[in-house]
Amino acid sequence: MNDVPARWKGQCQEGAAFNSSLCNRKLIGARYFSKGYTAQFGPVDSIRYYDSARDFLGHGSHTSSTAAGNYVHNVDYFGYAKGTARGVVPRARVAMYKIGWSGGIVGSDVLAGMEHAISDGVDVMSVSLTVSSQRFHRDAIALGAFAAAEKGVFVSCSAGNSGPDMFTVANGAPWMLTVGASTIDRSFVAKVKLGNGKLIQGTSLFVERQVISGVPVIYGTGGNQSSLACTPDSLDPKTVAGKILLCINNNNSMQLDPSIQILEANRTGAAAVIIASEDSYLLVPRDYWMPAVLVTSDQGQLIANYVTSASRATAGIKFVITEVGSRPAPAVAYFSSRGPNPLSPGILKPDVIAPGKNIVAAWLPYGVVKYVGSVPLEADYAMDSGTSMSSPHAVGVAALVKAVHPDWSPAAIRSALMTTAYTLDNTGYLITDEAHPVFGHGATPLDFGAGHLNANKAADPGLVYDSGVEDYLDYLCALNYTNEEIRMVSRREYSCPGHTSIGDLNYPSFLANFTMSAENQVKTFKRILTNLADDNDNRSYVYRAIVKAPQGIAVQVEPESLVFSERKEKLGFSLIMEVDGPIASTSKCAGLRGCVKAGYLSWVDGRGHVVTSPLVATFDPL
């Protein structure tokens, strides 16, 4: 890489087990912030947790390499996911700001880290953490992100890992990009070969290439439902030891996490365990600390039929197999936090989803990645999941857009990422929700926002919904923030205009809440679009509105077409969502998720630009 830009003001701060020589033309900055932590919890343990910018957990190494790691060949996770590792922007430079410690995270340290990143001269920032939900004037991440927006710094934040329940999304301020997690089209499998020759493929992330062949299979030794399901302390080790254990929970009223069944198999000394479950998505790599395979309920019953009918049932298992092209993908990861955000009722959050499930990226040197039995395993690359992994994917795409369009505002970049996102998976259907026991259930924008990040289209969105800091302050006015609370966010005096509406923030999505029993309800939104099309042929740009209205909602766009005569021209429109009649008296709102209706508005120019925003109607009580 060439020399560090002269505009860079950051530094490599020395500390425990870290000196400035560890920085280079790639890692150009490293700072740490622990004053708030030490004031609240006492001194940092420098031996175990490094009172310095050095990573002690692996989280920072993983997220930064996801965003901007350079090319590394012959990478794998104990044989899985072999290939060349690289970040979204492998030629980007990296500056790290450590604000997390063994005992937790303190808001003042978060804010100090973000403010130093801004003053150092970063272009984009990823914040892979959440803090307790508070109004924006008391939220350290929201305060830091607002300061970043003022200086033209794009901020991407994790949506949180509290899904699949609604109202769990974090980092809901409109001046940041809030990123949920998706699965990818890569699966990790094991193949079970029964003694009768039948081959069954299941899910596994057991990391050893252990050969299991011709081993007896045992099922239901206790003669009761508990032993069939392998509940804790239900099996006799004398009967199970050395055999492949089959576990099937046929009791629909008994919730049983597969990790609990693995523990029971290990307690009894099973050579391996096959678990019939539709909940394989719940397991993370560290749960596979003994040979374990998860199969579907139908596959489990097929194995059970063989075991109970054969005089001597046996099986073999082959582990460490990676397959690409899995379907359906992407799906919303089960843990990804969902909207709406009660602290910001006028804004749809999350904004987008990005890869966050079973992501392979760099890890700290000599860091334990997982255990097999009681044996710790170290690796240079680890597989991890969370919206912490999603945010760096998004900030990487933002960096690519910023490189092409250095004059674009953070709001314009966010708009480009949102309006070019896609909502159909690789089967051609609406993105599904991994939290459902059986795939095939469509998710909603409360789960995936505007859709899944589309890096190939984000640099040329055609039109953008741009916003400035005063627009955000007007939004706070509409939320009835006091003058003092607004001053805490903006660090200056600001007088609210005479009338503000939460629906008028120039945001690339539309969220309306209706009362189920009331009639003739109308929500009106005002938006302004800026023409940023890359074409240079001096022709006018004619965009026409295409609407798919949410079920039971009438939608009107005025005007129905926009004609831009030059680049950077701004044109406004209004959108009206109307409910004609009480929702409660119809079948349009059945069940909790049935109280969410979604559609979309697309502005199409006929030359390849499709500027799409979700239209979401929710109905009280959700």
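Mentor: Helices (H or I, at least four residues) and strands (E, at least two) are DSSP runs, numbered from the N terminus. Keep in mind that this is a predicted model.

Trainee: Thanks! Where is glutamate 434 found?

Mentor: Look between a strand and a helix: β23 covers 432–433 and α11 covers 445–448. Glutamate 434 is found in the loop between β23 and α11.

Trainee: Is glutamate 434 buried or exposed?

Mentor: The cut-off for buried is under 20% relative accessible area. Glutamate 434 has 6% relative accessibility, so this residue counts as buried.

Trainee: With which side chain does the side chain of glutamate 434 make a polar contact?

Mentor: The glutamate 434 side chain reaches a backbone atom, the nitrogen of tyrosine 334, at 2.9 Å. For the side-chain partner, look for the contact at 2.7 Å. That partner is lysine 357.

Trainee: On to the rings: are phenylalanine 136 and tyrosine 481 stacked or edge-to-face?

Mentor: A search of the whole structure gives 20 aromatic pairs. In this one the ring centres are 6.3 Å apart and the planes meet at 15°. Planes under 30 degrees apart count as stacked and those over 60 as edge-to-face, so phenylalanine 136 and tyrosine 481 are stacked.

Trainee: How many residues apart in sequence are the parts that this pair ties together?

Mentor: Phenylalanine 136 lies in the loop between β7 (124–127) and α4 (140–150). Tyrosine 481 lies in the loop between α12 (469–478) and α13 (483–490). The pair therefore ties together parts whose separation in sequence is 345 residues.

Trainee: What is the phi of glycine 373?

Mentor: Strands β20 (residues 368–372) and β21 (residues 375–378) run antiparallel, joined by four bridges, with valine 368 opposite glutamate 378. The two strands form a hairpin with two residues between them, and glycine 373 is in the turn. Its phi is positive, about 65°.

Trainee: Last one: which residues touch the most other members of the largest nonpolar core?

Mentor: This core has 71 residues, and its largest share, nine residues, comes from α4. One of the residues you want is methionine 125, whose contacts include Ala148 and Val395.

How values were computed
Residues are numbered from 1 along each chain as its sequence is written. This is a predicted model: local features need pLDDT of at least 70, side-chain atom pairs count only at pLDDT 80 or more; totals for chains, interfaces and linings use all residues. Side-chain values use heavy atoms; hydrogens and water are left out. Buried means under 20% relative accessible area, exposed over 50%, partly exposed in between (1.4 Å probe, protein chains only). A polar contact is a pair of N or O atoms within 3.5 Å; within protein, one must be able to donate a hydrogen and the other to accept it, and residues adjacent in sequence count only if both atoms are side-chain atoms. Rings of Phe, Tyr and Trp (its six-membered ring) pair if their centres lie within 6.5 Å; planes under 30 degrees apart count as stacked, over 60 as edge-to-face and the rest as tilted. Two strands pair if DSSP finds at least two bridges between them. A nonpolar core is a set of buried Ala, Val, Leu, Ile, Met, Phe, Trp, Tyr and Cys residues joined through side-chain atoms within 4.5 Å. Contact means heavy atoms within 4.5 Å. Lists of a residue's contacts leave out its neighbours within four places in sequence.
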